[in-house]
Amino acid sequence: MTIRVATLSLLLVLAAMTPAAAGDDFQPFWTKFTAALKADDQAAVKALVRFPTLYQGEEVGADRFAEVYKGLFTAKNRACLAKAKPLLQENGDGQTSYFAFCSKMVWVFDRIAGDWRYAEIGPDD
């Protein structure tokens, strides 16, 4: 019974998410973000990250981004994200986020001060 409930819950969450639309202002951000990942351009990726960001259970500032980049943006994760199709989700208070699913993780992108940024990562459970 619990497997059915978990499956139904997952389906409801996914049904509430929609793929990024071509006219959406997220798409230019995503193009820039994935181009930076493909080029392994740490500085360009850093410019697209919200700080402080959560890394290994603690808030990390921009001064520690090299550590974050090495740990999160591995070659495997960069390749996966470059192929990912982010999904849009609007929560109850009108906020919009995008989610990309890679390496059994959920990569979250939020609008911060009017601009899209990588915000956090969590387990895809």
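Ala-113 is exposed, with a relative accessible area of 80%, where exposed denotes over 50% relative accessible area, buried under 20% and partly exposed the range in between (1.4 Å probe, protein chains only). The model is predicted, so that local features need pLDDT of at least 70 and side-chain atom pairs count only at pLDDT 80 or more, while totals for chains, interfaces and linings use all residues. Residues are numbered from 1 along each chain as its sequence is written, and side-chain values use heavy atoms, with hydrogens and water left out.

Ala-113 lies in the loop between S6 and S7; helices (H or I, at least four residues) and strands (E, at least two) are DSSP runs numbered from the N terminus. Although Ala-113 is not a glycine, its phi is positive, at about 50°. Most residues other than glycine have a negative phi, and most peptide bonds are trans. Strand S6 (residues 105–112) and strand S7 (residues 115–123) run antiparallel and are joined by 8 bridges, two strands being paired if DSSP finds at least two bridges between them. Within this pairing, Trp-107 stands opposite Ile-121 in S7.

The protein as a whole has 5 helices and 7 strands. Along the sequence these elements follow the pattern α-β-α-α-β-β-α-α-β-β-β-β. Of the 125 residues, 33% count as buried. Contact is taken as heavy atoms within 4.5 Å. Among contacts between residues at least 6 apart in sequence, 42% join residues at least 24 apart.

The largest nonpolar core comprises 26 residues; such a core is a set of buried Ala, Val, Leu, Ile, Met, Phe, Trp, Tyr and Cys residues joined through side-chain atoms within 4.5 Å. Trp-30, Phe-33, Val-45, Phe-73, Leu-81, Trp-107 and Phe-109 touch the most other members. At least two residues of this core are supplied by each of H2, helix H4 (65–72), S5, S6 and S7, and the largest share, 6 residues, comes from H2. In soluble globular proteins, nonpolar side chains tend to be buried together. When residues up to four places away in sequence are not counted, Trp-30 touches Leu-81, Ala-84, Pro-86, Ala-100 and Phe-109.

Helix H2 (residues 26–38) also contains Thr-31, which is partly exposed with a relative accessible area of 46%. The C-alpha atom of Thr-31 is separated by 9.0 Å from that of Ala-82, 51 residues apart along the chain. In the loop between H2 and H3 is Asp-40. Asp-40 has a positive phi of about 55° although it is not a glycine, and at 41% relative accessibility Asp-40 counts as partly exposed.

In H4 the buried residues are Phe-65, Val-68, Tyr-69 and Leu-72. These residues lie on the same side of H4, because they cover an arc of only 100° around the axis, the arc being that of the directions from the helix axis to the C-beta atoms. The elements that cover them include helix H3 (42–46), S2, strand S3 (58–60), H5, S6 and S7.

Pro-52 is found in the loop between H3 and S2. Thr-53 belongs to strand S2 (residues 53–55) and counts as buried at 1% relative accessibility. The side chain of Thr-53 reaches the backbone oxygen of Ala-119 at 3.3 Å. Beyond its neighbours within four places in sequence, Thr-53 is in contact with Glu-58, Glu-59, Val-60, Tyr-118 and Ala-119. Glu-59, in strand S3, is exposed with a relative accessible area of 59%. With neighbours within four places again left aside, Glu-59 is in contact with Pro-52, Thr-53 and Leu-54.

The structure holds 1 disulfide, defined as a pair of cysteine sulfur atoms within 2.5 Å. The sulfur atoms of Cys-80 and Cys-102 are 2.3 Å apart. This pair links distant parts of the chain, with Cys-80 in helix H5 (residues 75–83) and Cys-102 in strand S5 (residues 96–102), 22 residues apart. The torsion about the S-S bond of Cys-80 and Cys-102 is about -95°, so the disulfide is left-handed. Cys-80 is partly exposed, with a relative accessible area of 25%, whereas Cys-102 counts as buried at 2% relative accessibility.

Methods:
A polar contact is a pair of N or O atoms within 3.5 Å; within protein, one must be able to donate a hydrogen and the other to accept it, and residues adjacent in sequence count only if both atoms are side-chain atoms.
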